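Have a look at the model first, and then read on.

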Amino acid sequence: MAQESPKNSAAEIPVTSNGQLEDSHEHSFNRDLKRSLPVGLGLSETKITSHGFDSTKEGVVEAGPFPGSSASPKSSVISPSSAAASRLAGQGCDLIIPTGGRAQQKSGPVVLADEVKNPAMEKLELVRKWSLNTYKCTRQIISEKLGRGSRTVDLELEAQIDILRDNKKKYENILRLAQTLSTQLFQMVHTQRQLGDAFADLSLKSLELHEEFGYNADTQKLLAKNGETLLGAINFFIASVNTLVNKTIEDTLLTVKQYESARIEYDAYRTDLEELNLGPRDANTLPKIEQSQQLFQAHKEKYDKMRNDVSIKLKFLEENKVKVLHNQLVLFHNAIAAYFAGNQKQLEQTLKQFHIKLKTPGADAPSWLEEQ
């Protein structure tokens, strides 16, 4: 009786009657099948067994003569059945042709989706572009000052910018003089208040001149009160003009500076393109000309955009300036005229007309209850 064979790859090797290997077709099939299987998976894991297995007989042909035959015994041959072959075929397909499985990830090439960018190289490239742009712009500015280079000029826009800069200087002068007047008026009001207090004190102590000192004390206190009202109107005028000059006009001039920088860059790249077009055209210069054309077009679009922005801002600035200065000049005139005419009611009416509220001396200081 044949002994039970272990379930390993040794059971797959058929032998002849004299104990030598039989290099048969079935043996070649088993050898090819074993090579196709992954490491660690043998035929013992399938249901294909050799002669002498006590388990299932599926896919097994016992050695020896068939019943009723006088032929000599034959060696054990592994002949898988159709069911076993289908299972092996299914396993082989899963292992030999993986679709995104683990085996493909281990043995397949690794492809990077994106290149790893070096921050140092990016900074170096930005510095290089900035240096090249600065060099071209500096060369353009020097050429314009020496009279060798040409510059793009918008006559109408340049005239409006010159008028704006001239008006800014004049408005700054008015603002400076108004601040000086406010300072002097404040000193005068402070002096009048002190003089009124001195007259009032003498009126109480000098019985012979009681009425005379009293009249002068009342007059100085009234002048000080009207001076404070006028001072509030002048300070409101100064604040409005200061906002117009140092914020609204300054913001427009900042846009003008950006427009002038864009104009210099546009002229610099325009000059560069013109120089390349005047030179020879060959395989080396054509890529440079094409690149220069692209840079010129980009800076031209930037220049046109900034010119349009400056035109719009100048238009709105002119409308706002007229409206603001009209109201402030009317306020200044009416307040000054009412003060020197001694018309206290007209002076107070002027402040109400422009919604000006006077600050009471000491009103900003918190009370002792708020401090607790």
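## The second largest pocket

Of its 13 lining residues, Leu132, Lys136, Tyr269, Gln291 and Leu295 are the closest to its centre. Helices α4 (119-146), α6 (210-278) and α7 are the elements that each give two or more residues to the lining.

For the cut-offs: on a 1 Å grid over the protein atoms alone, a pocket is an open set of points where a 1.4 Å probe fits, with protein on both sides within 12 Å along at least five of seven lines, and lining residues have an atom within 4 Å of a point.

## About the model

This is a predicted model, where local features need pLDDT of at least 70, side-chain atom pairs count only at pLDDT 80 or more, and totals for chains, interfaces and linings use all residues. Residues are numbered from 1 along each chain as its sequence is written, and side-chain values use heavy atoms, with hydrogens and water left out.

## α4 against α6

Helices (DSSP runs of H or I, at least four residues) are numbered from the N terminus. The axes of α4 and α6 lie 9 Å apart at an angle of about 90°, which means that α4 is roughly perpendicular to α6 (65 to 115 degrees). Axes are lines fitted to C-alpha atoms over the stretch in contact, with angles from 0 to 180 degrees between N-to-C directions.

## α5 and its two partners

The axes of α5 and α6 come within 6 Å and cross at roughly 160°, so α5 is roughly antiparallel to α6 (over 145 degrees). Their contact has 31 nonpolar, 14 polar and 10 charged residues.

How do α5 (residues 155-205) and α7 (residues 285-340) cross, and what is the angle? Their axes come within 12 Å and cross at roughly 25°, so α5 is roughly parallel to α7 (under 35 degrees). The contact of α5 with α7 has 13 nonpolar, four polar and two charged residues.

Terms used: Nonpolar A, V, L, I, M, F, W, Y, C, P; charged D, E, K, R; others polar.
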